[in-house]
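Work through the exercises below with the model open. Each task is followed by its solution in steps.

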Amino acid sequence: MPNRCIRPGDNPDLTKERETCTFDTDELAANLYGSRRNLERRREISQKVSADPDFADPIPHEFLSREKAVDATAKKSKVIFQKWKNLVKPEEMPHLVNEAVGIQGFPLALHHAMFLPSLNSQADDDLAAEILPRAKAYEIIGTYAQTEMGHGTNLRELETTATYDKTTQEFVINTPTRKAMKWWPGNLGKMSNYAVVCCQLIIDGKNLGPHNFLVQLRCEKTHEPLPGITVGDIGPKIAYNTTDNGFLALDNVRIPRRQMLMKHAKVSPDGTYTPPIHAKLNYGAMVHVRAHMIYSHGHLLARAAAVATRYSAVRRQGRIENGGPEVQILDYQTQQHRIFPQIARAYAILFAGQEVRDQYAKTLEGIANGQADLLPDLHALTSGLKSVVTFMGGLGIEQCRMSCGGHGYSDASGLPKLYGVQIGGCTYEGENMVMLQQTARYLMKGVKWAEQGKSLSPSIAYLGKKSGKSLIGLKGGDITREHEAILETLEHTARRLAIDASQLWEKRIKGGECKERAWNGVTVEMNRASRVYTRLFMARSFHRRLLSSPSSIRSVLSDLFSLYLHYECVDMAQHLLEDGHCNGGQIQYLKKRLYEDLTTLRPNAVSLVDSFEISDRELNSVLGRRDGNVYEALFQWAKQSELNYTDVLPAVKNYMMPMMEENRSKL
Ligand SMILES: CC/C=C\C/C=C\C/C=C\C/C=C/C(=O)SCCNC(=O)CCNC(=O)[C@H](O)C(C)(C)COP(=O)(O)OP(=O)(O)OC[C@H]1O[C@@H](n2cnc3c(N)ncnc32)[C@H](O)[C@@H]1OP(=O)(O)O
Ligand SMILES: Cc1cc2nc3c(=O)[nH]c(=O)nc-3n(C[C@H](O)[C@H](O)[C@H](O)COP(=O)(O)OP(=O)(O)OC[C@H]3O[C@@H](n4cnc5c(N)ncnc54)[C@H](O)[C@@H]3O)c2cc1C
């Protein structure tokens, strides 16, 4: 089957892998990216970025100091948002940014991810008309400043205040304590001159809860902080070090009334407050990011899987049979068991990410027409997906890193940075344990609605179904029926965990605890129910994609889906067994099927990651390069280390040499 990754001069092991491929890699890539045209555009952008001298890197970022890396990133960002701005569609922008600057953040990341979305969805028409054209033209740079040093999760206790002064029709924005300083917002420290700042709205001494306000932070001409504003960078982090996550204190800074984001909640000149149609519409920017980060996190896992798979095909170490040749490490079952599920999960996350983006767009349409009824379902789903996907992705990337042995520990592999970026997602946009509880709240309502025979939205329709016996392992050789049997078992498990958690909660309430304390006593079980609900959604979403896929890729997607399902079930065996729905024999059957899947997928493994269509520049990994010529490239990469600029380092000359000399002279 055609695989356009095969080229002369490639590592022969990798070429052999590509020659065994049983499907058209372009067809799968086109399916993944939506169409052939999208795939071609993706390639076009990759090629043009590589050819643009403005994006050339004299040395890899890994060898730059933080300040120089920030500088290089800002320089490239200017090229993107001036020279390239009109050459790509908005939906192509993330790919362009990944290609041109990488994944560690850039000066306009939060401008795009949260500043513009907040203004778009929350500013009233007047403010939008004034500020949006300027923001869209990059005349100003903005961010989203919500989290404080003392509070990130519990938004109700944020301390920054916006107190309405009727006499001047202004809000007075103030940071009352040290821990009330805004802390963490991306691009706040050095790049942004505006921010949407989340503050407690105070009118006539009454606290009306967190609301968003547009605040100018720096002078548009000099970029110096404005009077009353203290702003800066919070320092180095695990990753995202080209992002200036920042701090901000506001000392009674006055802004005009119309700079409150008033599309939903409003304050009239006389101080009358009108609440929004849904109490949490002020939290819209978070829902926006949660809905979009699923797909981008799927892509991070896809990269790691691509690196580990390609490298494992060219790395030879040890023998499987005595006297045989050294084998490709990809032939070890343990290696396959580490890596192939990550390939399957990356596809699953990307498919789910695309579905949830569509669901988000529909919800926004409803809100624009005054209907917020789709929001609770979307909030539950995005909260669950955000938590499950970031955790799964972190584990997966770490497995991929370890599967590359020593070279996986080097920045040359690209994997440590990938991991650092990925796990940030477990915390930002709502700490995972907290967001799973948001999902659980919705599930608890769903359990009640199901009991009352009420209609349920598609994502929780399974709560209203009746369980039959699990048919796993009992349906013979028909793969379609096996998939159905597993999906039904997952539905049962998700339903059972939600009902059990609900009963545990009720029991504690009946035992005399208040609802909230009782809730805290069952949150581990609540979060389990949320995870399985989310994993069920992901499995269903993958299945929908499989059923709608063209026949040319149906077979390989079906193999991948089998592996996905078998792996998920074995991973969740405890839940399947706990109530006796499945028995030990069925789990053994699932394991046997999983090991068969590893063998089935082996000839297509490299081609499956080729279909992620990630260019060498974007992948930024010596181990994962398309041509597989890793050893020479490793040496060339290491030579660029600044420690190699000179053969004898000052550190050696000044300390080690005199020490050795002194020790020698003592003899
Ligand atoms: C395009 C982007 C792609 C990639 C991104 C790339 C780079 C960006 C990198 C990093 C950016 C990071 C940004 C940030 O981190 S911004 C800060 C994010 N902060 C948080 O997420 C805070 C988490 N906390 C919360 O959201 C809330 O405090 C919490 C929901 C936990 C509780 O809020 P509250 O106490 O006000 O509500 P509850 O009483 O719990 O719930 C009441 C009711 O409301 C429902 N609810 C809550 N939130 C929402 C929502 N957002 N939308 C809809 N409904 C919501 C909740 O479920 C309850 O419903 P019910 O049970 O029916 O009463
Ligand atoms: C890379 C990165 C980028 C960020 N970018 C931004 C940004 O652009 N803008 C912005 O405003 N913020 C940003 N943040 C901040 C981020 O949103 C918060 O850190 C996050 O919401 C978690 O809040 P916290 O730090 O207060 O954690 P905490 O709430 O203090 O969490 C600490 C622990 O307490 C637990 N916990 C807290 N509450 C509960 C509960 N109710 N039930 C059970 N357990 C609980 C958590 O699960 C966690 O284990 C960013 C953070 C990171 C790491």
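A residue is near a molecule if its C-beta atom, placed from the backbone, lies within 6 Å of it. This is a predicted model: local features need pLDDT of at least 70, side-chain atom pairs count only at pLDDT 80 or more, and totals for chains, interfaces and linings use all residues. Residues are numbered from 1 along each chain as its sequence is written, while chains are lettered from A and ligands numbered from 1 in the order in which they are written.

**Exercise 1. The shell of ligand 1**

Task: find how many residues surround ligand 1, and which are the closest.

Solution. 
- Step 1. Count the shell: 28 residues surround ligand 1.
- Step 2. Pick out the closest: K280, Y283, H292, Y428 and G430.
- Step 3. Assign elements. Helices (H or I, at least four residues) and strands (E, at least two) are DSSP runs, numbered from the N terminus. At least two shell residues each come from α6 (109-122), α8, α10 (375-403) and α12. The largest share, 6 residues, belongs to α8.
- Step 4. Sort by class. Ala, Val, Leu, Ile, Met, Phe, Trp, Tyr, Cys and Pro count as nonpolar; Asp, Glu, Lys and Arg as charged; the others, Gly among them, as polar. The shell around ligand 1 has 13 nonpolar, 11 polar and 4 charged residues.

**Exercise 2. The shell of ligand 2**

Task: describe the residues that surround ligand 2.

Solution. 
- Step 1. The shell of ligand 2 holds 20 residues. Closest are Q146, T147, G152, T153 and W184.
- Step 2. β1 (142-145), α11 (415-427) and α12 (432-451) each give at least two of the shell residues.
- Step 3. By class, the shell around ligand 2 has 9 nonpolar, 10 polar and 1 charged.

**Exercise 3. Positive phi and burial**

Task: are N187 and N252 buried or exposed?

Solution. 
- Step 1. A residue is buried with 20 or more other C-beta atoms within 10 Å of its own, exposed with 12 or fewer, and partly exposed in between; C-beta atoms are placed from the backbone.
- Step 2. N187 lies in the loop between β4 (182-183) and β5 (194-203). Its phi is positive, about 65°, although N187 is not a glycine. N187 is buried because it has 28 C-beta neighbours inside 10 Å.
- Step 3. N252 sits in the loop between β8 (246-250) and β9 (253-256). Its phi is near 50°, again positive in a residue other than glycine. N252 has 11 other C-beta atoms within 10 Å, so N252 is exposed.
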